[in-house]
Amino acid sequence: MAQAPKALDDARGRLEAIYEHLDVSEDAQVRLARPQRVVEVSIPVRMDDGSLQVFPAWRVQYDTTRGPGKGGIRFHPDVDASEVTALAFWMAIKCAVVDLPFGGAKGGVCVNPKELSRLELERLSRGYIRGFYDCIGPDEDIPAPDMNTNATIMGWMADEYAKIARAQYPAVITGKPIGLGGSAGRVEATGEGALEVLKIYLEQQDKKPEDLTVAVQGFGNAGYYFASAAQKLGLTIVAVSDSQGAVHSKKGLDVDSVWRHKNKTRELKGILYSETSVDEEKNVDHLSNEELLCLDVDILVLAALENQITEDNADAIKAEVILEIANGPVTSNADKILGEKNILVLPDVLVNTGGVIVSYYEWIQNRIGDYWPAEKVNERMRERIGREAKACFELASEHKVDYRSACYMHGLKRITEAMDHRGTHGYFIGDC
Ligand code: NAD
């Protein structure tokens, strides 16, 4: 079995190919080859049994030419500096693709959060803010949730920031609970934004949602909201999976009922993570995660994590279209194989931007102190992601490139123009 490439090498490798289609100054290419800032801290946490544990944590600001850094914080046992850097790089591209005034950043803690009690998790989350207080802020770098972090954790973090600053700065973090200045429509934004991109693609191809079947890998926050909205649009969701397994029904699953079942223990026990898997669902077929990826469906949605389709399994994929909600779920080698099989990939740097778009709206609302209803947030998000999706699709047909290359071209053009517009002040210190 070929070893999956490091997400960071893979992400940077794609740039070389894009530069062939885009006139990018050599200075900009050199700047984008490495992150601007990588900060590592150790977070000490007093555990409930009195022992002390230390968790390695990172904040990476990949590029802040277009504005303050923006990017989520991931809690996962596999997190390391390289993964956080890759995710920060993708954030820089994403924010530019949908024209947000932000650069790309990301954070992570190497921890299995499911092994921590709620109070230990709160101490760890507060520790993250103490560790990175000097490099985050509403005008410097604005964190948000990512895998295994959520509104509750963002609330603890915003509170810790306010305590250290001795002032309220709600715009320091997005994805907060509504009661602490969070935005209506944030939780569902990533899934619903992804559906908007798919809808535009289907309209352009003259395909009807009710004729199409979908399998979703990763039935978490993003995957569920996508699946629920997609079902309402008429698509048939035939399979969903989480880290423990997959369920399948040829005539279609009732997405909301599977979600309610998955969250039953979590809600009953008042804990942050679900202890139930979709795999415990009755009256449906059960599949392995690998089997779900290879189902004969029209659309395969990847909403779990990186490196899920590699050169080892790309050949077995039967879907016609892959929708990337997770970051980096298809490696560049797999991309080539999928391309040869005429499987179309709608890429992460466009598809999953609904969340960061609404985070941007949350940041605006916090700064102006005026809060918008969910309909206005959702309508503005769909209008923005739709406009930028159409621009990327046009670029793809104009330059005869795949959608991923077109999205990178679209975002990189904005980043490199901003770099060039900054003038020559820092020329001799390499800071321009
Ligand atoms: P989440 O933790 O809520 O859900 C992830 C789901 O994937 C969980 O159900 C988990 O059990 C499942 N999973 C993990 N490993 C799996 C595997 N090998 N096979 C099948 N399922 C597996 O996280 P989320 O917020 O939904 O994020 C999912 C992905 O989307 C991540 O890559 C994240 O970076 C990306 N993303 C999320 C947002 C957002 O706003 N939530 C925004 C942009 C990108």
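The model is predicted: local features need pLDDT of at least 70, side-chain atom pairs count only at pLDDT 80 or more, and totals for chains, interfaces and linings use all residues. Residues are numbered from 1 along each chain as its sequence is written, and side-chain values use heavy atoms, leaving out hydrogens and water.

**Shell around the ligand**

- Around the ligand stand 24 residues (a residue is near if one of its heavy atoms lies within 4 Å), and Asp-146, Thr-190, Asn-221, Ala-222 and Asn-327 come nearest.
- Both domain 1 (38-173) and domain 2 (189-351) give at least three residues to the shell; the bounds come from an automatic or database domain assignment.
- At least two shell residues come from each of helix H6 (186-204), helix H7 (221-233) and strand E7 (236-242); helices (H or I, at least four residues) and strands (E, at least two) are DSSP runs, numbered from the N terminus.

**Polar contacts (pairs of N or O atoms within 3.5 Å)**

- In the side chain of Thr-190, an N or O atom is 2.6 Å from a ligand oxygen.
- For the side chain of Asp-146, the corresponding distance to a ligand oxygen is 2.9 Å.
- Ala-222 uses a backbone N or O atom, 2.8 Å from an oxygen of the ligand.

**Sheet**

- An open sheet with mixed pairing has five strands in the order E1-E2-E4-E3-E5; two strands pair if DSSP finds at least two bridges between them.
- Strand E1 (37-46) and strand E5 (141-145) are the edges, each pairing on one side only.
- E1 runs antiparallel to strand E2 (residues 52-63) over 10 bridges, and Val-41 stands opposite Ala-57 in E2.

Definitions and conventions
A polar contact is a pair of N or O atoms within 3.5 Å; within protein, one must be able to donate a hydrogen and the other to accept it, and residues adjacent in sequence count only if both atoms are side-chain atoms.
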